[in-house]
Amino acid sequence: MIKERRITLKNAGKIDPEKISDYIRTGGYRALEKALQQSPAAIIGEMLQSSLRGRGGAGFSTGLKEKFTSEASKTPEERFLVCNADEGEPGTFKDRIIMEKDPHRVIEGILIAAYSIGATRAFIYIRGEYYKSIRRLTTAVEQARDAGYIGENILGSGYSVSVGIRLGAGSYLCGEELTMLESLEGKRGYPRIKPPFPAEKGLFGFPTLVNNVETLATIPAIITRGAKWYAALGAEDSPGTKIFTLSGDVKNPGYFEVETGTRLRQLIFDLAGGIKNDEKFKAALIGGAAGTFVDETVLDTPMSYDLLKSKGAVLGSGAVIVLSETASLREITRSILEFFKHESCGKCVLCRVGTAHLVQMFQPLAEGIADPEPILAKMIQKAEYMAQTSLCPLGQSPMLPLRSLNRYFSNQL
Ligand SMILES: Cc1cc2nc3c(=O)[nH]c(=O)nc-3n(C[C@H](O)[C@H](O)[C@H](O)COP(=O)(O)O)c2cc1C
Ligand code: SF4
């Protein structure tokens with residue numbers, strides 16, 4: 001039976017998150033002290049060696065992103081770091097847990113990453129409904145400032161950085177990094193054309209590092225225990241640990257930090273207690289709305305970015321929504337399609353009209369009055385066309401659940 005391996009969630013439930021003294025007692029802020037005694041390039045080297053991949057969904061190398069941002073311009077007036085705490089992907093609540101239970105770990109990760117790229121200012125962009133996380137982070141920032149970890153000449157190192165908190169207004173699209181930067185600049189949440197990437201031209205046109213909460217909160221452990229230790233954990237293609245959030249038809253829904261490469265079966269049956277009412281497993285939606293359905297043939301595939309890809313699945317944010325034999329795949333697919341229709345910002349015609357059209361096309365299947373195969377084939381064709389012609393990844397997302405539905409469940413709808 002598999003057990004959790006808590007690294008990023010090491011302190012969750014064990015310390016008082018409102019007391020900096022509790023965090024310091026467990027070794028908190030020592031990684032920052034250690035980092036400040038090294039050069040920024042050495043910290044980036046350590047992150048590259050750790051092979052940490054971003055935990056926000058895309059799985060891009062954290063060290064490479066830091067390297068690109070630090071090299072973007074030799075003498076910028078400003079360089080920014082933005083912590084992405086928008087967490088809008090359905091079924092995902094891992095960042096909220098980290099922020100509520102161990103806010104200083106997020107701040108320490110932000111400060112180390114900020115130092116590595118020479119950021120002059122850091123921001124936390126957090127969804128406005130996360131009241132408790134906002135309160136805990138606000139208290140933690142004040143305490144860290146009073147203790148000399150944030151501000152001018154941190155711990156006598158000569159490095160200075162400020163940390164600000166900004167609230168999002170509930171748009172899913174504002175979790176997308178470039179849209180988030182627009183929102184932070186006070187504009188409407190419309191995406192920007194990529195490239196240029198934020199590393200080159202980000203917030204107010206300056207080089208900007210955007211990282212997810214879980215990614216940043218993992219950095220202190222890597223600096224403390226070393227990149228080699230971290231890189232030896234979990235799956236080869238994406239080492240370390242990952243926090244998965246399990247919901248739906250499981251007996252014990254919740255959050256679980258495990259080494260990457262853990263099997264879906266272990267997550268569902270060992271950690272989440274199995275299927276409720278002892279029913280049979282039917283499906284799991286991995287990665288949220290912009291994720292993929294899988295059936296029981298994927299239960300023993302190691303959960304890593306690349307190995308899941310070979311099954312036509314994505315790891316994404318780590319959300320796992322479990323469906324039992326009595327759950328309706330039609331209903332969940334209908335709500336995913338409605339979600340995309342609602343969250344499309346409307347800038348591209350193909351996404352604005354296409355997301356609405358997909359809802360209409362699915363209606364006969366939702367009502368169970370049509371043969372699924374030809375309709376799904378047409379919907380996938382449309383979703384692929386949308387993916388090719390949309391400005392941002394939201395327009396590319398409906399293709400993921402639809403393709404996987406067709407691959408695993410076309411004759412069970
Ligand atoms: C529609 C959309 C919504 C997103 N929402 C989030 C989010 O809520 N939180 C997040 O960290 N990343 C989100 N992302 C991914 C970000 O664009 C970005 O890749 C991430 O913040 C980078 O951090 P990482 O490298 O640490 O993963 C979203 C992407 C898209 C396309
Ligand atoms: S793809 Fe959709 S969400 Fe993205 S910019 Fe175009 S209309 Fe907006």
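Q: How many residues of domain 1 are in contact with domain 3?
A: The model is predicted. Contact here means C-beta atoms within 7 Å. On the domain 3 side, eight residues take part. Domain 1 brings to this contact a set of residues that numbers eight.

Q: Which class supplies six residues on the side of domain 1 that touches domain 3?
A: One residue on this side is polar and one is charged. The other six belong to the class called nonpolar.

Q: How far apart are the C-alpha centres of domain 1 and domain 3?
A: Domain 1 spans 20-231 and domain 3 spans 329-409. Domain 2 covers 241-324. Between the C-alpha centres of domain 1 and domain 3 the distance is 34 Å.

Q: Which element gives the largest share of the shell around ligand 1?
A: The shell holds 22 residues, with Gly54, Gly56, Gly175, Asn212 and Thr215 the closest. Two elements give two or more residues each: α16 and β4 (208-212). The largest share is three residues, and it comes from β4.

Q: How many polar residues does the shell around ligand 1 have?
A: Seven residues of this shell are nonpolar. Six are charged. The polar residues number nine.

Q: Which elements give two or more residues to the shell around ligand 2?
A: Here 14 residues surround the ligand. Cys348, Cys351, Ser390, Cys392 and Gly395 are the closest. The elements that give two or more residues are α14 (349-366) and α16 (393-396).

Q: How many nonpolar residues does the shell around ligand 2 have?
A: Four residues of this shell are polar and two are charged. The nonpolar residues number eight.

Key: Residues numbered from 1 in each chain as written. Chains lettered and ligands numbered in written order. Predicted model: local features only at pLDDT ≥ 70, side-chain atom pairs only at ≥ 80, totals over all residues. Near = placed C-beta within 6 Å. Helix = DSSP H or I, 4+ residues; strand = E, 2+ residues; numbered from the N terminus. Nonpolar A, V, L, I, M, F, W, Y, C, P; charged D, E, K, R; others polar. Domains from an automatic or database assignment. Contact = placed C-beta atoms within 7 Å.
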